[in-house]
Amino acid sequence: MADMQAFQDAVTSWATGGPDGPARDLAECLGVRTAVLLEGLSDFAAVEALAARRGRDLAAEKVCVVPMGGAMSVGRYARLLGPPGLGLRLTGLCDEGEKGFYERGLTRSQASLQDIYVCTADLEDEFIRALGTSAIEEIFRSEGDFRAWQSFQCQPAQQGRPRHQQVRRFLGTKKGRKIRYGRLLVDALAPDRTPPPLDGLLASL
């Protein structure tokens, strides 16, 4: 039976030059109504984790979460999934520095700009401010990353940098780390401390 993962895969194939038929057929079969456009897999991990924590089944709600592999792809995905293409409602989450890509891509695709939620700096920055550096260091410890974290802090480039900036940089130093911690940091949040952009995105779906 067709599922939302199959639709996501078909959309990715279409966006990278593949045929449009599979995505169109699956959209109709599944009754997809909304596509959530995300920059990458770490954002995807966080959105999926928060939805699960709140008892939401986005696929059952006809919502497809799409990691695009970078904000510069938003125009292409918006054309395929928005009014010029499948006619889905579009929403998304982006870093402050990538807001312009989203604005231009959605405007050209005649999609609403009101449904894009912007992180101050990026989602990792939002998590650090919500949890505090001490709490995140404890997560590093529980995940077996504390020794690597301490070694990272001793690097010359990190000397004198604020702890907040060190944590943010450490999360991006190893392939896959931001994805793994995207889930872990969501799980560590108090219910009333969800970063506003992430909270707003989920509430809008």
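Helices first, since I'll be naming them: I take helices (H or I, at least four residues) and strands (E, at least two) as DSSP runs, numbered from the N terminus. This is a predicted model, so local features need pLDDT of at least 70 and side-chain atom pairs count only at pLDDT 80 or more, while totals for chains, interfaces and linings use all residues. Residues are numbered from 1 along each chain as its sequence is written, and side-chain values use heavy atoms, with hydrogens and water left out.

**Entry 1: the cavity**

My working rule, on a 1 Å grid over the protein atoms alone: a cavity is a set of points where a 1.4 Å probe fits but cannot get out, a pocket is an open set with protein on both sides within 12 Å along at least five of seven lines, and lining residues have an atom within 4 Å of a point. Points are joined across faces, edges and corners, and a volume is the space filled by probe spheres set on them.

How many cavities of 30 Å³ or more are there? I get 1. The largest cavity holds about 40 Å³ of space. I listed its lining as Ser42, Asp43, Leu123, Glu124, Phe127, Leu171, Lys178, Tyr181, Gly182 and Leu185. Helices α3, α6 and α10 (177-188) each put at least two residues into that lining, and α10 has the largest share with 4 residues.

For classes, I count Ala, Val, Leu, Ile, Met, Phe, Trp, Tyr, Cys and Pro as nonpolar, Asp, Glu, Lys and Arg as charged, and the others, Gly among them, as polar. The cavity lining then splits into 5 nonpolar, 2 polar and 3 charged residues.

The largest pocket comes out at about 200 Å³. It has 14 lining residues, and Met4, Phe44, Glu48, Ala59 and Val63 are the closest to its centre. Which elements supply at least two lining residues each? They are α1 (4-15), α3 (41-53) and β2 (63-67). The largest share, 4 residues, is from α3.

Axes here are lines fitted to C-alpha atoms, for helices over the stretch in contact, with angles from 0 to 180 degrees between N-to-C directions. Under 35 degrees I call roughly parallel, over 145 roughly antiparallel, 65 to 115 roughly perpendicular, and the rest oblique.

I looked at α6 (residues 123-131) against α10: the axes come within 11 Å and cross at roughly 30 degrees. The two are therefore roughly parallel. Glu124, Phe127 and Leu131 of α6 make the contact (heavy atoms within 4.5 Å) with Lys178, Gly182, Leu185, Val186 and Ala188 of α10. Those residues divide into 5 nonpolar, 1 polar and 2 charged.

Next, α6 with α9 (residues 163-171): the packing angle is about 135 degrees and the axes are 10 Å apart. That pair is therefore oblique. On the α6 side I have Glu124, Asp125, Ile128 and Arg129, meeting His164, Val167, Arg168 and Leu171 of α9. By class this contact has 3 nonpolar, 1 polar and 4 charged residues.

**Entry 2: α1 with α2**

What is the angle between the axes of α1 and α2 (residues 21-30)? They cross at roughly 150 degrees and come within 8 Å. So I log α1 and α2 as roughly antiparallel. Met4, Ala6, Phe7, Ala10, Val11 and Trp14 of α1 meet Pro22, Ala23, Arg24, Leu26, Ala27 and Leu30 of α2. I find 11 nonpolar residues in this contact, no polar ones and 1 charged.
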